[in-house]
Amino acid sequence: MDNQKKDARKLALEKLRHSTSHVMAQAVLEIFPDGKVAIGPAIENGFYYDFELPRSLTPEDLAQIEARMQAIVKNDFPFIYEEISSAQAKKLFQGQPYKIELIQDLLAKDPKAVLSIYKHSDFFDLCRGPHLENVRQIQAPAIKLLHVSGAYWRGDEKRPMLQRIYGTVWSSKKELKTYLHQVEEAKKRDHRKLGKEMDLFSFQEEAPGMPFFHHKGTFIWNSLVSYVTDIMVRKNYEINKTPFILNKSLWLQSGHWDHYKNNMYFTKIDEQDFAVKPMNCPGNILVYKTKQHSYRELPIRAGEFGLVHRHELSGVLSGLFRVRCFTQDDAHVFCTKEQMKAEIKDLIDFMDEVYSRFGFQYKLELSTRPEKAMGSKKIWDLAEDTLKEVLIESKKKYKINEGDGAFYGPKIDFHLTDAIGRDWQCGTIQLDFQMPEKFDMTYIGEDNQKHCPVMIHRAILGSVERFLGVLVEHFAGHFPLWIAPVQIKIIPIREDHYAYANKVQEILKAAGLRSELDVRDERMQAKIRVAQLEKAPYMIIIGDKEVAESKISIRTKSGKNINDLGLENFIEKCQKQVQEKSIELDETLA
RNA sequence: GCCGGCAUAGCUCAGUUGGCAGAGCAACUGACUUGUAAUCAGUAGGUCGUUGGUUCGAUUCCGACUGCCGGCUCCA
């Protein structure tokens with residue numbers, strides 16, 4: 001589909017969904033005549049509408065509302081656009097406080113604003129549109145109400161909580177079915193489900209929001225860290241390790257005490273206040289300050305895989321994606337202003353290398369000076385221009401998020417697109433002119449004077465744990481061979497094949513390959529089934545024939561069989577894939 | 001934190017109006033000795049998340065707490 005067609009289709013769906021949300025509001029008001037309506041926009045994949053109702057909605061209510069909607073769209077009700085005066089509007093929406101507030105806001109923004117309503121049947125709503133021509137254009141079987149949830153009026157926790165009904169609608173029943181199927185498929189990849197099934201990690205009531213990594217999950221975690229470490233070594237990074245608990249005075253100095261206190265954990269040691277680190281920068285700044293630095297040493301690239309704790313609201317915790325403790329693959333580059341550009345360029349290359357290793361595409365976003373920024377506009381302009389120049393020179397497309405930068409500097413965020421098209425923000429590059437000053441960091445320049453270095457914060461995986469979760473969903477649990485905790489499942493057919501199977505496992509182990517031997521008293525079919533469910537990339541089947549000929553037979557994860565293979569040959573093929581860190585499994589072994 | 005839902009065996013889940021708690025898989029024992037996604041039989045396994053209350057009696061009804069799930073950004 002070309003872009004124009006895509007936009008047209010998007011617009012058509014938006015009209016459909018927005019119109020359906022009006023129909024839903026009509027249905028809800030028929031059931032609850034005293035209900036108050038708030039807003040009801042079209043959203044990605046559907047729509048919602050917020051209501052204030054006399055009681056909480058139940059799933060039965062949803063079914064009833066849906067049935068009502070399906071009846072409404074069978075009528076010949078045209079959508080009628082009408083422009084109204086502010087006085088008319090206020091009269092029309094008497095008794096609808098949320099609408100009145102919206103009207104007042106619109107007029108406050110622009111006293112001459114044109115207000116409009118859309119009517120269909122006896123329902124009308126303050127609305128800019130656009131809408132369909134007639135409710136008949138909505139296919140009854142293509143409507144589905146999904147769930148009801150709480151939502152603060154205007155997203156503000158200090159304002160009343162409304163009931164939000166989420167629904168979806170498509171141009172046909174078939175499209176609805178396809179969509180629901182996609183949702184089901186996405187659910188099958190849920191890292192929380194796969195993490196449990198594959199014995200990667202767990203969560204315990206004793207530590208909400210703090211993952212427990214099991215043996216296999218830890219293996220992947222370590223692999224990620226060592227993969228990134230290898231590149232850091234190549235790129236001349238230093239790697240530090242700083243304490244988890246640091247004195248309050250440090251956090252006062254860094255500004256975290258003022259800006260980040262609500263998300264921090266505290267403790268008292270020997271009558272003194274300490275905080276558990278929510279970020280690694282202050283610790284690494286202390287490391288920098290342990291000695292005097294010359295301009296000749298710069299840039300200093302100081303990495304740390306630092307475990308940070310942040311107190312997130314209990315209601316937002318979610319698997320590995322939203323946690324209260326995680327390991328940042330953090331680094332701080334201390335450099336001169338002149339070196340900034342080259343360093344950022346190098347970081348973009350770093351990101352590119354890591355993300356393409358896992359087959360991710362990515363999008364870039366540049367966030368600029370926020371309202372409450374620290375430092376002069378001049379220095380911000382320099383920082384923003386530097387980032388822009390680098391992006392242009394690197395031939396990267398990017399989107400600008402005006403005013404979305406950190407209070408200490410602008411940043412570039414990397415959004416990965418996974419195998420089923422979902423976006424995940426992972427990497428970040430942030431320019432910081434504030435911390436070095438606050439901490440009185442210096443280097444001796446060519447002119448024999450003290451200068452303040454520029455600091456670049458960066459993370460590539462972001463959170464190692466979260467990235468692992470993204471990988472689980474991206475690969476649906478089928479990890480590339482180099483990172484799969486169990487690469488090979490060895491399946492002896494009968495007990496008298498165990499000795500040979502053991503020997504095979506020893507040889508694999510000596511070759512650096514990870515295998516598990518299934519010696520349960522089960523039939524081969526049962527063992528294959530389990531190996532398949534465990535998502536083992538390769539299975540080695542060992543029976544009479546293999547023992548007699550000193551060969552192996554392979555079954556790949558997708559069920560292909562390769563018989564009479566020499567073990568050495570197989571090992572070579574595996575080692576090659578591991579070495580190359582291939583994404584796709586070699587299923588031919590030719 | 002707030003709104004709504006959920007919490008039963010290691011896992012996935014049943015449990016009818018309140019009356020001694022169930023299945024499948026897994027585990028264990030035994031038999032079977034098997035060629036590309038589940039061999040058969042038997043055994044054991046539960047303070048029904050925690051805690052108060054109502055009741056002769058609570059997994060079931062009511063309250064509190066804890067945890068998990070879906071939301072709380074999409075601006076008429």
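This section describes the RNA-facing surface and the aromatic contacts of a predicted model. Local features need pLDDT of at least 70, side-chain atom pairs count only at pLDDT 80 or more, and totals for chains, interfaces and linings use all residues. Residues are numbered from 1 along each chain as its sequence is written, chains are lettered from A, and side-chain values use heavy atoms, without hydrogens and water.

RNA strand B is surrounded by 55 residues (near: a heavy atom within 4 Å). The closest are Leu126, Cys127, Ser149, Gly155 and Arg529. For arginine 192, a polar side-chain atom lies 2.8 Å from a phosphate oxygen.

The model holds 22 aromatic pairs (Phe, Tyr or Trp rings, the six-membered ring for Trp, with centres within 6.5 Å; stacked under 30 degrees between planes, edge-to-face over 60, tilted for the rest). Tyrosine 288 and phenylalanine 334 form a tilted pair, 4.8 Å centre to centre and 50 degrees between the planes. They lie 46 residues apart, in helix H10 and strand E16 respectively. Tyrosine 288 counts as buried because its relative accessibility is 4% (buried: under 20% relative accessible area, 1.4 Å probe, protein chains only). Phenylalanine 334, at 1%, is also buried. Phenylalanine 358 and phenylalanine 467 pair edge-to-face, at 5.5 Å and 70 degrees.

Notes:
A polar contact is a pair of N or O atoms within 3.5 Å; within protein, one must be able to donate a hydrogen and the other to accept it, and residues adjacent in sequence count only if both atoms are side-chain atoms. Helices (H or I, at least four residues) and strands (E, at least two) are DSSP runs, numbered from the N terminus. Buried means under 20% relative accessible area, exposed over 50%, partly exposed in between (1.4 Å probe, protein chains only).
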